[in-house]
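Please open the model in your viewer and keep the selection tool at hand. The stops below can be taken in order.

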Amino acid sequence: MTTTLENASIPEEGNYYQILAIPSTASLVEIRKAYEEQLEAVHLEAISAYSLFPEEQTEQKLLQIGQAFVTLANPIARAKYDDEIRLTIDSEQQTDFQQESAPISETPLTEKPAQIKTETATPPHKDENKQPEEKLEIPKSVPTEVVGQTQEQRQDFYLNLAVKNEQTEESIEEYYSRLRAHGGNVSFNGAVLKQIRELKSITLDELAKITCIRSTYLEAIEEENFKKFTSEIYLKGYLICYIEAMKLPAEQIIEEYINLYKNQIEAEKG
Amino acid sequence: MATKNIWAIGGGKGGVGKSFVAGNLGILLAQSGYKVILADLDLGGANLHTWLGVNSPPKSLSDFIGREILNISKLLIPTEIPGLSLISGAKDGVEIANLKYTQKRRFLSALRNLDADYIVIDLGAGTSYNTVDFFLLADSQLMVVIPEPTSIENAYRFIKNSFFRQIFHNSKNFRLKSVVTPILRKDNPYKVNTPKELIDYLNKLGGKSTIFVEEQLQIFRPKIILNQVRTERDKKVGRAMKTACSKYFNLDMTFLGYISEDESVWKSVLDRKPIAVSHPDCVPMQQLKTICSDILQEETESAAKNNLLSQLTL
């Protein structure tokens with residue numbers, strides 16, 4: 001049995017390595033490139049097969065590749081994700097061995113993953129037999145430098161970001177309630193996104209390093225300068241990364257923000 | 001006399017360059033030494049005569065349909081291009097838009113009997129029975145599409161309606177006809193939108209009609225020309241449409257190639273001179289030449305096989 005990270009099947013959200021069509025050893029540069037290629041493929045299908053499938057399907061796909069990219073581009077999240085896949089592989093192999101004897105289906109579903117975790121979470125380091133080449137640490141193949149970032153710096157960026165996101169939870173809630181007091185509902189546009197980012201004291205530069213998206217594009221999102229984007233797919237793709245990095249409610253923002261984009265396109269036509 | 005070939009150019013949306021492609025293909029064929037008749041069947045919007053710089057026709061198609069003229073050759077208008085003449089629906093009133101299927105067949109067989117090697121039909125926009133039926137009766141079924149969602153949506157609607165209409169005409173199975181007829185209308189009670197879904201639906205019903213539908217898919221071969229291509233990204237849309245057709249329609253569509261957007265095209269329209277004459281060496285014309293010779297080659301290849309469609313329809 002040679003289940004590896006990239007060919008392990010992950011039922012619900014799919015295997016991120018498969019989604020981006022990259023090996024589990026892919027470097028950050030390769031991940032970034034694969035994400036761009038997937039955006040292009042989604043864009044091409046959205047145009048060339050227009051009207052043949054529901055538009056939500058495109059959005060679903062965008063969210064999926066966005067999630068895959070955001071997770072794999074984050075060294076901490078990636079190590080955790082790799083770990084989860086290994087657990088799935090291990091548990092599958094275990095069930096294979098115990099096919100007949102183990103009444104696994106009888107154990108409550110909620111407990112099952114936890115149980116396995118305690119059994120297998122520690123060994124991987126010493127687990128020479130099953131995964132001799134894979135290690136729990138951040139994959140070595142990720143280049144030490146991505147646009148001037150070392151792996152350690154990159155981890156620091158994420159740790160800083162996590163702290164900022166966490167510490168500002170309350171003030172963001174306050175900000176929302178102030179907005180609600182003014183106009184009823186919070187509706188997300190470029191200016192609101194910018195204010196949230198500033199409340200979190202995250203700079204554009206910082207966000208650019210995290211998302212691997214140039215700050216001019218991130219700025220264009222905040223300024224609603226849609227001309228900067230060659231297609232709706234790219235705008236959405238980058239927006240998803242922006243939202244994910246700042247831990248904001250994805251679905252609502254995408255819907256409201258893309259409506260702004262669509263209205264502008266309509267207005268230009270009419 | 002050698003067998004005539006009818007090329008029909010459709011595609012659903014207006015303004016995508018159907019007349020541009022039809023007219024210039026006609027000229028290219030004539031310049032290669034063939035005798036060509038260009039038939040402007042954009043009923044209600046025919047204007048190839050202006051484009052070719054000839055006067056509007058003295059007699060109309062309705063005169064032939066109404067049997068006031070029995071010899072269709074009286075409708076031929078000579079053009080400045082040697083070997084090319086025009087039949088135009090320009091003089092016709094609105095009633096011409098509602099031709100019966102038998103009238104269309106009579107008209108097309110009359111066209112086939114004319115002294116010509118190629119008949120190139122410029123169809124109108126839309127997916128009405130008129131356009132779709134002429135499209136289906138042709139030997140080479142060409143569609144012009146531009147890389148924009150509206151055009152692509154219409155193209156798929158055109159493909160779908162043409163295919164279901166073809167099944168309706170070719171099937172002798174009353175039950176199958178009764179399934180296809182409502183699909184062609186707006187209500188679509190069976191939620192069937194593609195040939196693939198039709199096959200799935202028929203499979204559920206049981207019986208042999210799925211085999212028939214699959215055979216019909218084999219002989220339905222629309223070919224796509226991608227027009228007004230601006231960017232590298234646009235170029236990829238043609239192949240991607242081919243992939244989408246096989247994925248969603250189970251249909252092996254031929255992608256003939258793309259034509260770049262070029263200002264010589266609109267200049268030639270303003271000059272009221274066909275681009276094949278005014279700018280014969282511009283990029284779009286060179287691309288169209290390649291497309292033209294590809295169609296000719298494919299025809300020679302498939303001429304060896306039986307052309308099932310024309311056997312069934314004439």
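Predicted model: local features only at pLDDT ≥ 70, side-chain atom pairs only at ≥ 80, totals over all residues.

Residues are numbered from 1 along each chain as its sequence is written, and chains are lettered from A and ligands numbered from 1 in the order in which they are written.

Select the strands of chain B, where eight of them form an open, mixed sheet in the order β3-β4-β2-β5-β1-β6-β7-β8 (helices, H or I, have at least four residues and strands, E, at least two, as DSSP runs numbered from the N terminus; strands pair if DSSP finds at least two bridges between them). At the edges stand β3 (77–78) and β8 (254–260) of chain B, each with a single partner strand, so one side of each has no neighbour in the sheet. Now pick β2 (residues 36–41) and β5 (residues 118–123) of chain B, which run parallel and are joined by six bridges; here B:L41 stands opposite B:L123.

Next, select helices α4 (residues 101–113) and α5 (residues 129–137) of chain B, whose axes, lines fitted to C-alpha atoms over the stretch in contact, come within 11 Å and cross at roughly 40°. Residues of α4(B), among them B:Y101 and B:L108, meet B:D133, B:F134 and B:L137 in α5(B) (contact means C-beta atoms, placed from the backbone, within 7 Å).

Finally, show both chains: 11 residues of chain B are in contact with eight residues of chain A. On the chain B side, α10(B) gives the largest share, six residues.

Definitions and conventions. Axes fitted to C-alpha atoms, helices over the stretch in contact; angles between N-to-C directions. Contact = placed C-beta atoms within 7 Å.
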